[in-house]
Amino acid sequence: MVDPGRDGSPPPAADLSVAADLLDVVAGGDLAALRAALEAEPALAGRPAPDGVSLLLHALYRRRSAAAELILAARPRLSVFDLAALGDAAALRNAPPGDAHARSPDGFTALHLAAYFGNLEAVEALLEAGADPAAVADNASRVQPLHSAVAGRHLAVAALLLQRGAGPDAAQTGGWTALHSAAKQGDAALVELLLDHGAAPAPASDDGMRPADLAAETRHGTIASRLRAAARGGA
């Protein structure tokens, strides 16, 4: 949230976002420098980065939890995307209806963010508000919320999304499905969940890689064998 100038007008455009070096401070985990910057100018906590993404989300993306706490302590105005990433289900239930369909500056819906960070109650709240479980990110990744949940290895979130209509075989950029991700990570529970919901056991990515290939490549032999057996029609 931008503070107006003394005459009530917005500050100059150059002041509407945080400086790139403050992002470097967050990325590097320099808590002393971040604290000093926010104490000197608390409004920085609520200003977006040059890419439009909030400073808080940048901290959360980088798993800088202590930095995120400092930013929150400055009491910035939180967007629906911030709330989803934080898992604030109560606030999401009170958000304007259109927020469930909004896109962040980096192309994600709030549901993508809640799924990626494993916030089950926030996912439930957003689905109740009409969020699309098959929404495609408006960026180069083209991920859907299921891809986000599986990338974060959040079994309960992935199960809920599948129950609410997420496509188990949906492909992101490169032809990668959620099963590719689960297999590469060696997550047997997610592999079984996806297969139980009808995921094809051997989809090929654009470069010809199948989930079993990725499991074998990352030394998850049991999963590779399971997927190959499923592709042959085995149980």
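A residue counts as buried when its relative accessible area is under 20%, as exposed over 50%, and as partly exposed in between. By that rule Asp187 is buried, because its relative accessible area is 10%. The model examined here is a predicted one.

Asp187 takes part in a salt bridge. Its partner is Arg153, and the closest N and O atoms of the two residues are 3.0 Å apart. Arg153 sits in the loop between helix 9 (145-151) and helix 10 (155-163). Asp187 sits in the loop between helix 11 (178-185) and helix 12. The pair therefore ties together parts that are 34 residues apart in sequence. Arg153 has a relative accessibility of 42%, so this residue counts as partly exposed.

The search of the whole structure found four salt bridges. Another of them joins the side chains of Glu128 and Arg93, with an N to O distance of 3.4 Å. Glu128 belongs to helix 8 (residues 120-128), and Arg93 belongs to helix 6 (residues 89-93). Parts that are 35 residues apart in sequence are thus tied together by this pair. Glu128 is exposed, because its relative accessible area is 55%. Arg93 reaches 44% and so counts as partly exposed.

A further salt bridge is formed by the side chains of Arg226 and Glu192, at 2.7 Å from N to O. Arg226 lies in helix 14 and Glu192 in helix 12. The two residues are 34 residues apart, and the pair links distant parts of the chain.

Two packed helices are described by the angle between their axes and the distance between the axes. For helix 12 (residues 188-196) and helix 14 (residues 221-231), the axes come within 11 Å and cross at roughly 10 degrees. Angles under 35 degrees count as roughly parallel, so helix 12 and helix 14 are roughly parallel to each other. Helix 12 makes the contact through Ala188, Val191, Glu192 and Leu195. Helix 14 contributes Ile223, Arg226, Leu227 and Ala230. By class, the contact of helix 12 with helix 14 has six nonpolar residues, two charged residues and no polar ones. Glu192 and Arg226 are among the contact residues, and their side chains meet in the 2.7 Å salt bridge.

Conventions:
Residues numbered from 1 in each chain as written. Predicted model: local features only at pLDDT ≥ 70, side-chain atom pairs only at ≥ 80, totals over all residues. Heavy atoms only, no water. Axes fitted to C-alpha atoms, helices over the stretch in contact; angles between N-to-C directions. Helix = DSSP H or I, 4+ residues; strand = E, 2+ residues; numbered from the N terminus. Parallel < 35°, antiparallel > 145°, perpendicular 65-115°, else oblique. Contact = heavy atoms within 4.5 Å. Nonpolar A, V, L, I, M, F, W, Y, C, P; charged D, E, K, R; others polar. Buried < 20%, exposed > 50% of the residue type's maximum accessible area, 1.4 Å probe, protein only.
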